[in-house]
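Please look over the strands, helices and chain contact of this structure. The report below takes them one at a time.

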Amino acid sequence: MNLLEIHNLSVRFRTENGTVDAVKNISFSMKEGDSLAIVGESGSGKSVTALSLTRLVPTPPAEYAGGKILFLGRDILKMSPGQIRQVRGGGIAYVFQEPATSLNPVYSIRSQIAEGIRLHRPDVTDVDAEIVKWLGAVGIVDPEKRMHDYPHQLSGGMQQRAMIAMALSCRPKLLVADEPTTALDVTIQAQILAELRRLRGEFGMSLILITHNFAIIRGLCERVAVMFRGEIVEYGDTESLLKNPQHPYTKALISCVPRLGVKQARLRTIEDSWTAARL
Amino acid sequence: MSSRSDVTKGAPSGILTGRAKTIVTATVDAIPQAVTPDSPFRRVARKFFHDRLALAATIAIALFFAVAIVAGACAFLHLPMPMQPNATHLERKLLPPNPANWLGTDNLGRDVLSRMVAGSTISLTVGFVAMAVSLGIGIFVGAVSGYIGGWVDNVAMRIVDALLCFPSFFLILTAIAIIGPNIWIIIAVIGLVGWTGTARLVRAEFLTLRESEYVRAARALGQSRMNIIFRHILPNAFAPIFVTAVISIPDAILVESGLSFLSFGVPPPQATWGNIIADGKTYFLDAWWLIFFPGLAIFTASLAFYLAGDALRRAAATR
């Protein structure tokens with residue numbers, strides 16, 4: 001059985017100014033242990049796709065207009081609120097873009113991680129030991145002491161590590177990282193990505209990485225889906241897609257990535273998404 | 001400097017080791033040394049008590065409460081008091097402040113200080129319990145309506161609007177005229193009328209906070225709605241709620257005093273700050289102490305609560 005199957009999923013937003021199709025008829029599937037990058041520009045529907053996996057897009061204004069999301073064979077879109085809460089965190093866990101605001105400022109790291117563990121792994125008796133284990137696993141030094149810290153006492157990189165620890169401590173089958181490094185500077189970005197790569201190897205979970213940055217997916221994700229205006233325009237194996245992009249939008253997107261040591265008169269940009277699509 | 005060795009020793013991934021030695025020291029020095037956990041509540045408390053005005057207000061409030069609690073305990077347990085607040089001595093009526101009656105006596109020869117002390121129990125009980133009632137209802141309605149939104153929000157807010165249409169003081173007067181004056185009824189009515197402001201405030205806070213990233217993160221972790229509302233959002237809305245709570249205490253005290261002054265309040269002979277003034281108003285040209293001291297008590301207590309609330313607002317301003 002596939003871990004995740006998405007069949008013809010459409011998500012639209014009903015607003016006062018008309019209907020917006022954020023995700024149009026997309027399909028893909030993942031086996032256990034797979035890793036997939038969803039790449040696209042802002043507004044291409046990649047975050048909506050990620051959030052839809054556990055129905056986190058608020059309805060209204062959103063509307064799951066059609067399709068199926070099968071997680072371990074069960075349709076997410078037909079689950080009761082209680083069932084979906086089991087999947088959130090326990091089956092599919094998230095790491096979001098802004099670690100600084102994704103942690104609740106009034107609770108210590110320890111009590112925030114403990115909540116997830118209590119919720120999804122009631123059999124764990126020594127919660128503190130478990131927290132220390134996971135904080136250590138994501139590379140936080142001196143976890144026994146640091147777990148009592150409040151979010152504002154941690155640096156951005158450490159906050160994101162804590163977020164990853166929180167997600168992993170629930171032992172999800174699938175980790176969805178929604179632009180996990182966008183808010184971090186380049187050195188920390190490299191550390192976090194290295195950490196994700198290592199943890200994936202260590203715990204064998206599946207990963208969906210949402211990003212607008214082609215530069216970070218190589219070596220972390222085996223497959224790539226390129227999204228453009230709510231549709232998956234290209235899907236394939238990372239290496240071959242980067243070497244030999246087929247869709248004009250993918251080509252344009254890849255050519256925008258600046259390279260060190262390559263002399264370029266001007267940096268390439270995509271002037272207008274529509275023009276790019278017709279290139 | 002123990003932390004420096006900690007970081008280099010335990011450097012987790014390949015990134016902090018090897019070639020990048022120079023970077024490591026630089027990074028370690030840049031890490032803020034958070035020695036003790038520092039919760040936002042503790043930070044607000046620290047700032048609050050550094051404010052001299054806040055400290056003075058807190059001491060004043062604490063004194064009022066100490067007096068009220070001791071007086072209440074004495075009355076409740078029938079312990080001996082220096083002077084009975086309701087004992088009349090007609091031969092000593094309308095005496096100005098003197099060594100035996102520090103704040104003078106009223107038209108029935110009752111000791112004003114004793115009556116004020118006894119009245120402080122009533123006045124502060126009214127203020128505190130009415131605040132608790134209105135805060136409880138206000139928080140619940142505001143939180144649920146702000147977080148859930150939709151028709152729930154619409155219904156709740158229209159009820160609030162409808163309640164706000166009535167001048168609350170007259171609503172209270174009407175209720176008491178129908179049900180009869182009794183301290184617990186007065187408290188209940190003041191509390192039941194006063195929650196609308198809190199509900200609106202809490203709702204407004206929730207409308208902003210429900211969109212925050214940590215609420216999304218909590219939802220993504222599979223937390224239940226009630227858990228998100230009361231465990232995750234409410235503590236973040238704590239500062240403005242606490243400020244309104246503190247400020248609504250003197251409001252309730254003033255309403256009770258107003259009711260007593262109009263003789264709709266706590267029935268005599270039970271003393272409250274309001275009805276000491278009410279009893280004394282007939283004689284105030286000859287006996288200024290009858291309204292001056294209880295008035296001063298109301299004024300001081302209200303001012304202390306307002307100042308404390310204001311200082312709290314300032315202490316919580318930078319999150």
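## A strand-to-strand pair

Ala37(A) stands opposite Val224(A) in S9(A). The two strands here are S3 (residues 35-39) and S9 (residues 223-228) of chain A, which run parallel and are joined by 4 bridges. Two strands pair if DSSP finds at least two bridges between them. Strands (E, at least two residues) and helices (H or I, at least four) are DSSP runs, numbered from the N terminus.

This is a predicted model, in which local features need pLDDT of at least 70 and side-chain atom pairs count only at pLDDT 80 or more, while totals for chains, interfaces and linings use all residues. Residues are numbered from 1 along each chain as its sequence is written, and chains are lettered from A and ligands numbered from 1 in the order in which they are written.

## The six-stranded sheet

S3(A) and S9(A) belong to an open sheet of 6 strands. The order is S6-S7-S8-S3-S9-S10 in chain A, and the pairing is mixed. Strand S6 (92-95) and strand S10 (231-237) of chain A are the edge strands, each pairing on one side only. On average, neighbouring strands are turned by 20 degrees against each other, direction ignored. Helix H10 (residues 248-255) of chain A packs on this sheet and touches S9 and S10 of chain A. The direction of H10 makes about 105 degrees with that of S9(A). Axes are lines fitted to C-alpha atoms, for helices over the stretch in contact, and angles run from 0 to 180 degrees between N-to-C directions. Residues are in contact if their C-beta atoms, placed from the backbone, lie within 7 Å.

## Strand S8 of chain A

How many residues of strand S8 (residues 206-211) of chain A are buried? The count is 6 of the 6, so S8 is largely enclosed by the rest of the structure. Buried means that 20 or more other C-beta atoms lie within 10 Å of the residue's own, again placed from the backbone. One side of S8(A) carries Ser206(A), Ile208(A) and Ile210(A), and the other carries Leu207(A), Leu209(A) and Thr211(A).

S8(A) pairs with S3(A) in the parallel sense over 5 bridges. Here Ala37(A) stands opposite Leu209(A). Strand S7 (residues 174-178) of chain A also runs parallel to S8(A), joined by 5 bridges. In that pair, Ala177(A) stands opposite Leu209(A). The chain crosses from S7(A) through H8(A) to S8(A) in a right-handed β-α-β crossover. Right-handed means that, with the strands pointing away from the viewer, the path from the first strand over the helix to the second runs clockwise.

## The four-stranded sheet

Chain A also has an open sheet of 4 strands, in the order S2-S1-S4-S5, with antiparallel pairing. Strand S2 (18-30) and strand S5 (74-75) stand at the edges with a single partner strand each, so one side of each is left without a neighbour in the sheet. Strand S1 (residues 4-15) pairs with S2(A) over 9 bridges. Ile6(A) stands opposite Phe28(A) in S2(A).

## Two helices of chain B

The axes of helix H11 (residues 238-261) and helix H13 (residues 289-316) of chain B come within 8 Å and cross at roughly 170 degrees. That makes H11(B) roughly antiparallel to H13(B) (over 145 degrees).

## Where the chains meet

The contact takes 34 residues from chain A and 26 residues from chain B. On the chain A side, helices H2 (81-90), H3 (99-102), H4 (109-120) and H8 (186-203) each supply at least two residues.

Terms used: Contact = placed C-beta atoms within 7 Å. Parallel < 35°, antiparallel > 145°, perpendicular 65-115°, else oblique. Buried ≥ 20, exposed ≤ 12 C-beta atoms within 10 Å, placed from the backbone.
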